[in-house]
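Here is a short briefing on a ligand and its surroundings. Start with the view below, then read the points by topic.

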Amino acid sequence: MTYDIQGLLAEALENDFLVGGLGLAALGAAYGVLHMVLGALWRLGAARLWLTVTLDNRTDGFRHLLLWLEETGALRKSRRFHVDRNAKDAFAPAKGVHWFRVGAQLVRLSREMSEKARVGQSQRPLETLSIQVFGGRKAQVQAWLARGAQIAEAMERDGPKLFQYASSYWQELCELPARPLGTVLSVDDRLERLLEDVRWFYAAKDWYVARGVPWRRGYLLYGPPGTGKSSLIRAVASELHLDVATLDIARRGLGDEDLREAMAEAPDRAILAIEDIDAAFQGRDPGDALPGISFSGLLNAIDGVAAQEGRALFMTTNHRERLDPALIRPGRADMHVELGLVGAAQAAQLFARFYPERADLAEPFAAALGTKRFSPAELQGWLMAHMSDPEGAARAEGLQHAPMLAAE
Ligand SMILES: Nc1ncnc2c1ncn2[C@@H]1O[C@H](COP(=O)(O)OP(=O)(O)OP(=O)(O)O)[C@@H](O)[C@H]1O
């Protein structure tokens, strides 16, 4: 029997087909084992190296992630989009896998939609977003979602929040009513051009990085009192879903260090506004070190804003000619916008807005003003004083004189 088996084996080993077949089977088995081991190692490695977060459209996080993605512009090279009411401008990543980078990190995003599973009252398809970040940390994705939540909140709000620096912190004062840019009067399209510039700035991070320029931009609004400098800042903030953080640099007790700190810690996504920038240096030599802030302290604080990524700084003044050129040079005030007195055409617009039911009187009002020019605040004051008397308002007799009630 033993002999037979040995014989058979010897015979079999001489058979090239059988030996080849056995060899192949052994190779196949070895490949299978190697595949299993490598697969297990990959999954182990992936679990350790890739952070994966999955969200579905029953959660707020789903929308917040889309909003954050849109803001980062990470998918701008993508060619596949889905028109989505969850995204701000309706362009969201399409179904499937997208690869992109956030800073130096590689990110894989996969969006799936299931037509079978329906959610919510509207019975929309169940969707999932799975985001995988190579070398990612949980806190990082949490921060992305928190940013998306902030954008969502700003979109749902009517107007910008107003913050003011109080001693050592930024105090949220109130929520301002939204102010469309069209409600701020101007003699030409300079306000629209300013808005476009600010919009460009907030989306131009890569442009600044590529040129090695700090991602900050300064705007100087100047013109006589009551011509809309503060109104314009609020309108720009409303249009871009930003907040406004105002800093009163003439406030007693504000020193250089407070100023630097205030500017460095201004709330995220807030336009930083220093109104009446000339007020702090009225009658002072720029080099003076009187109590309060010094001129060099102000310059340093403005330059320090550069350390904050993506910050727009607005300064306003009634007297641009009084400002030191160092304060308003490009790099500190990159764009200067004059707000001036307005004439009959803008007055007619304001009239029609005040009395929509008597818009027919706007032209006679303009004619009564002739070629005179007014600050919009003066015109507004006049129209408000004649709220119930549009005919009287349109005659414009005595305009320029604020209504006064004298004591008997
Ligand atoms: N260009 C404008 N268009 C519409 N309303 C304006 C305009 N300018 C001023 N007003 C109105 O006048 C009032 C004062 O305006 P605002 O505070 O914006 O002016 P300002 O230029 O900042 O004044 P100041 O230099 O005195 O601080 C506001 O109620 C505002 O609505």
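Which helices each supply at least two residues of the shell around the ligand? They are α7 (229-239) and α12 (376-385). Keep in mind that this is a predicted model.

**Where the ligand sits**
- Domain 2 (161-338) and domain 3 (344-395) both contribute residues to the shell, so the ligand lies between them.

**Who surrounds the ligand**
- The ligand is surrounded by 15 residues.
- The closest are L185, K229, S230, S231 and Q380.
- By class, the shell holds 8 polar, 5 nonpolar and 2 charged residues.

- K229 uses its side chain, with a polar atom 2.7 Å from an oxygen atom of the ligand.
- R179 also uses its side chain: an N or O atom there is 3.0 Å from an oxygen atom of the ligand.

**Burial**
- Taken alone, the ligand exposes 610 Å².
- The protein buries 77% of that area.

Technical notes. Residues numbered from 1 in each chain as written. Predicted model: local features only at pLDDT ≥ 70, side-chain atom pairs only at ≥ 80, totals over all residues. Heavy atoms only, no water. Near = heavy atom within 4 Å. Polar contact = N/O pair within 3.5 Å; in protein donor to acceptor, adjacent residues only side chain to side chain. Areas by Shrake-Rupley, 256 points an atom, 1.4 Å probe, with all protein chains shown as cover. Helix = DSSP H or I, 4+ residues; strand = E, 2+ residues; numbered from the N terminus. Nonpolar A, V, L, I, M, F, W, Y, C, P; charged D, E, K, R; others polar. Domains from an automatic or database assignment.
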